[in-house]
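Here is a short briefing on aromatic pairs and the residues beside them. Start with the sequence and the structure.

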Amino acid sequence: PYDGSNLGVFLYFLIERLQILDGTCSPPILTLTTKSPSFISSGTWNSASSNDALNGEYVYVSNDELAEASWDIDIPSTGLYEIAIWSPQSTSFTDSATIVVN
């Protein structure tokens, strides 16, 4: 993945700066954040800042509260797609988050 390692982060930065995030990459890159119009959530989410987070911000749930987050997006065509989750690292974060792709 473009963002799966330190080199990947550099590659993602380079692709972004060269402005080729226009669908010409293979596979196309679609970056979604909690500020994307397609973001849907339930429960109480808090936001925080971190240099390790995508665009410097991430969201979290306190006190083991049940909460869900999703993105409702249109995939342009059938095929194989790579899905990557970008999350800052901390020993205080859960190691049991469930991720479902439909």
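This is a predicted model: local features need pLDDT of at least 70, side-chain atom pairs count only at pLDDT 80 or more; totals for chains, interfaces and linings use all residues.

Residues are numbered from 1 along each chain as its sequence is written, and side-chain values use heavy atoms, with hydrogens and water left out.

**Aromatic pairs**
- The structure holds two aromatic pairs. Rings of Phe, Tyr and Trp (its six-membered ring) pair if their centres lie within 6.5 Å; planes under 30 degrees apart are stacked, over 60 edge-to-face, and the rest tilted.
- Phe 39 and Trp 71 form a tilted pair, because their ring centres are 5.1 Å apart and their planes stand at 55°.
- This pair links distant parts of the chain, 32 residues apart: Phe 39 lies in strand S1 (residues 39–42) and Trp 71 in strand S4 (residues 68–71). Strands (E, at least two residues) and helices (H or I, at least four) are DSSP runs, numbered from the N terminus.
- Tyr 58 and Tyr 60 also make a tilted pair, at 6.1 Å centre to centre and 45° between the planes.

**Accessibility of the paired residues**
- Buried means under 20% relative accessible area, exposed over 50%, and partly exposed in between (1.4 Å probe, protein chains only).
- Phe 39 is buried at 19%, while Trp 71 is partly exposed at 36%.
- Tyr 58 is buried at 18%, and Tyr 60 is partly exposed at 32%.

**Ser 38**
- Ser 38 sits in the loop between helix H1 (6–17) and S1. Ser 38 is buried, at 14% relative accessibility.
- Leaving out residues up to four places away in sequence, Ser 38 touches Leu 32, Ser 70, Trp 71, Asp 72 and Ile 73. Contact means heavy atoms within 4.5 Å.
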